[in-house]
Amino acid sequence: MALRNVREQGDAILGKISKEVKEVTPRTAELIEDMLDTMYEANGVGLAAAQVGVLKRIFVVDVTGEDPFVFINPRILETKGEQSGQEGCLSVPGKTGIVTRPNYVKVEAYDENMEHFVLEAEELLARAICHEYDHLDGHLYVEKVEGRLMDVEELQEEESEEA
């Protein structure tokens, strides 16, 4: 298990466009393994290669904690509907904000074996895919936050007061 340092907001690499992957080399396979380890260790549901300092069009997502998806050179083919909800990011630690995303997404990509696949996703999985996809083009969710960015602790206090 190799953990990588997650780059945080303000790091210039997070604002850059990632490059297409031509082939999965042993180094790329190691990157993917490290990304999954890093995501799980940080209790995240997704992680893009740029977040660990590598400008490749790769991200990983696992919304259940047991079923990871690897996306290489993904392309969003279709979106439908919308959902609004709290969103956070490993590159913006301790913060959260309301973001509206599609409720449905159809995406094509390659897996860790460079096998092509098409995936249709809804709700949290669709949100996570769109969030990580933004990282590939140098965007953070904070650009889409409606209202203000909140501290996670502040949100938890508000929720406990409402209960």
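Analyst: Contact means heavy atoms within 4.5 Å. Leaving aside its neighbours within four places in sequence, Leu14 is in contact with Arg7, Glu8, Gln9, Ala50, Gln51, Ser91, Gly138 and His139. This is a predicted model, in which local features need pLDDT of at least 70 and side-chain atom pairs count only at pLDDT 80 or more, while totals for chains, interfaces and linings use all residues. Residues are numbered from 1 along each chain as its sequence is written, and side-chain values use heavy atoms, with hydrogens and water left out.

User: Is Leu14 buried or exposed?

Analyst: Buried means under 20% relative accessible area, exposed over 50%, and partly exposed in between (1.4 Å probe, protein chains only). Leu14 has a relative accessible area of 4% and is therefore buried.

User: How are the two faces of strand E2 to be read?

Analyst: In a regular strand the side chains alternate between the two faces of the sheet. Helices (H or I, at least four residues) and strands (E, at least two) are DSSP runs, numbered from the N terminus. In E2 (residues 58-61), Ile58 and Val60 lie on one side and Phe59 and Val61 on the other, and all are buried.

User: Which strand pairs with E2 over four bridges?

Analyst: Two strands pair if DSSP finds at least two bridges between them. Strand E3 (residues 69-80) pairs with E2 over four bridges in the antiparallel sense, and Ile58 stands opposite Ile72 in E3. Strand E1 (residues 46-48) also runs antiparallel to E2, joined by three bridges; here Ala48 stands opposite Phe59.

User: How many aromatic pairs does a search of the whole structure find?

Analyst: A pair of aromatic rings is described by the distance of the centres and the angle of the planes. Rings of Phe, Tyr and Trp (its six-membered ring) pair if their centres lie within 6.5 Å; planes under 30 degrees apart count as stacked, over 60 as edge-to-face and the rest as tilted. The search finds three pairs. One of them, Phe69 with Phe71, has centres 6.1 Å apart and planes at 45°, so this pair is tilted. Phe71 and Phe117 are also tilted, at 5.6 Å centre to centre and 55° between the planes.
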